[in-house]
Amino acid sequence: MTDVSGLSIGILGGTGDQGKGLARRFALARHPVLIGSRSAGRAQEAADSIGHGARGAENAVVATEADVVIVAVPYDGHKALLESLRAELAGKIVIDCVNPLGFDKKGAFALPVEEGSAAQQAAAVLPDSRVVAAFHHVSAVVLMDPAVDKVDLDVLVLGEDREATDLVQALAAVIPGVRGVYGGRLRNAAQVEALTANLISINRRYKAHAGIRVTDI
């Protein structure tokens, strides 16, 4: 297993539910965590609510300072934010967990993405970064629940760079109960992102916080 001890983790969109939940779990695992937002004040408020040494700053500061950066922003602001941070994210592993989803009276559904998926869009916008797709199916409610010591979940990890996907699998494993599972190259990210719509439907029907487990490995 790749050694990820001591790596600092920046989360763009860390004031949202998913970003804040991931920040909390990585902070509990004793990783230095930097929460990013357009507003440094809002970012620091989110960091203070998490504790465990988390810090808040503007997105550009987080992108510059963190060793690994997670993108957890709403899809409608995804491309523009990454374009604005291309220089700061150059040379870094960028983990994209954005799900392009729409909602109507029938529930959640996957949105078409010109590049194929949000992860492929990130890779196109950030040619000098090592983009990995992961953490799409993690329940923010579970991540934030102090009563949940172990998160029953496999995280599907996709990317073009073996070293980068190995590192992200190892990062997933620092959250108790979570396992990182290689899921293919970025061209396969669309169905992983879209599966989140199915999980939302499952959760609504069964009043649950369902995740994914992969068998026989």
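Helix H9 supplies the largest share of the lining of the largest pocket, four residues. Helices here are DSSP runs of H or I with at least four residues, strands are runs of E with at least two, and both are numbered from the N terminus. The model is a predicted one, so local features need pLDDT of at least 70 and side-chain atom pairs count only at pLDDT 80 or more, while totals for chains, interfaces and linings use all residues. Residues are numbered from 1 along each chain as its sequence is written, and side-chain values use heavy atoms, with hydrogens and water left out.

Back to the pocket. Its volume comes to about 980 Å³. A pocket, on a 1 Å grid over the protein atoms alone, is an open set of points where a 1.4 Å probe fits, with protein on both sides within 12 Å along at least five of seven lines; a residue lines it if it has an atom within 4 Å of a point. Grid points are joined across faces, edges and corners, and the volume is the space filled by probe spheres set on the points. Of the 35 lining residues, Asp-17, Gln-18, Ala-72, Val-73 and Pro-74 are the closest to the centre of the largest pocket. Two or more lining residues come from each of H1, S2, strand S6 (101–104), helix H7 (140–144) and helix H9 (189–206).

Gln-18 sits in helix H1 and is buried, with a relative accessible area of 18%. Buried means under 20% relative accessible area, exposed means over 50%, and partly exposed is in between (1.4 Å probe, protein chains only). A polar atom of the Gln-18 side chain lies 2.8 Å from the backbone oxygen of Phe-135. Once neighbours within four places in sequence are set aside, Gln-18 is in contact with Cys-97, Phe-135, His-136, Val-138, Ala-140 and Leu-143, where contact means heavy atoms within 4.5 Å. Pro-74, on the other hand, is exposed, at a relative accessible area of 57%. Pro-74 belongs to the loop between strand S4 (68–71) and helix H4 (78–84). Its C-alpha atom is separated by 8.0 Å from that of Asn-99, although the two residues are 25 residues apart along the chain.

Next comes the nonpolar interior. In soluble globular proteins, nonpolar side chains tend to be buried together. A nonpolar core is a set of buried Ala, Val, Leu, Ile, Met, Phe, Trp, Tyr and Cys residues joined through side-chain atoms within 4.5 Å. The largest one in this model has 39 residues, and Phe-26, Ile-95, Phe-135, Val-155 and Val-168 have the most contacts inside it. Helix H8 (residues 162–172) gives the most to this core, six residues. Apart from this core lies another, of 28 residues, including Ala-57, Leu-85, Val-125 and Ala-189.

Leaving aside neighbours within four places in sequence, Phe-26 touches Ile-9, His-31, Val-33, Ile-70, Phe-135, Leu-171, Val-174 and Ile-175. Leu-171 and Ala-29 are 142 residues apart in sequence, yet 9.8 Å apart in space, C-alpha to C-alpha.

Helix H2 (residues 40–50) has two sides to describe. Its buried residues are Ala-43, Ala-46, Ala-47 and Ile-50. Seen down the axis of H2, these residues fall within an arc of 100 degrees, so they line one face of the helix; the arc is that of the directions from the helix axis to the C-beta atoms. They pack against helix H1 (17–28), strand S2 (33–37) and strand S3 (55–58). Glu-45, Asp-48 and Ser-49 are exposed on the other side of H2. Just after H2, Gly-51 takes a positive phi of about 75 degrees.

Most residues other than glycine have a negative phi. Arg-30, however, is not a glycine and has a positive phi of about 70 degrees. Arg-30 is located in the loop between H1 and S2 and counts as exposed, at 76% relative accessibility. Asp-216 also has a positive phi, near 70 degrees. Asp-216 lies in the segment after H9 and is exposed, with a relative accessible area of 79%.

Notes:
Polar contact = N/O pair within 3.5 Å; in protein donor to acceptor, adjacent residues only side chain to side chain.
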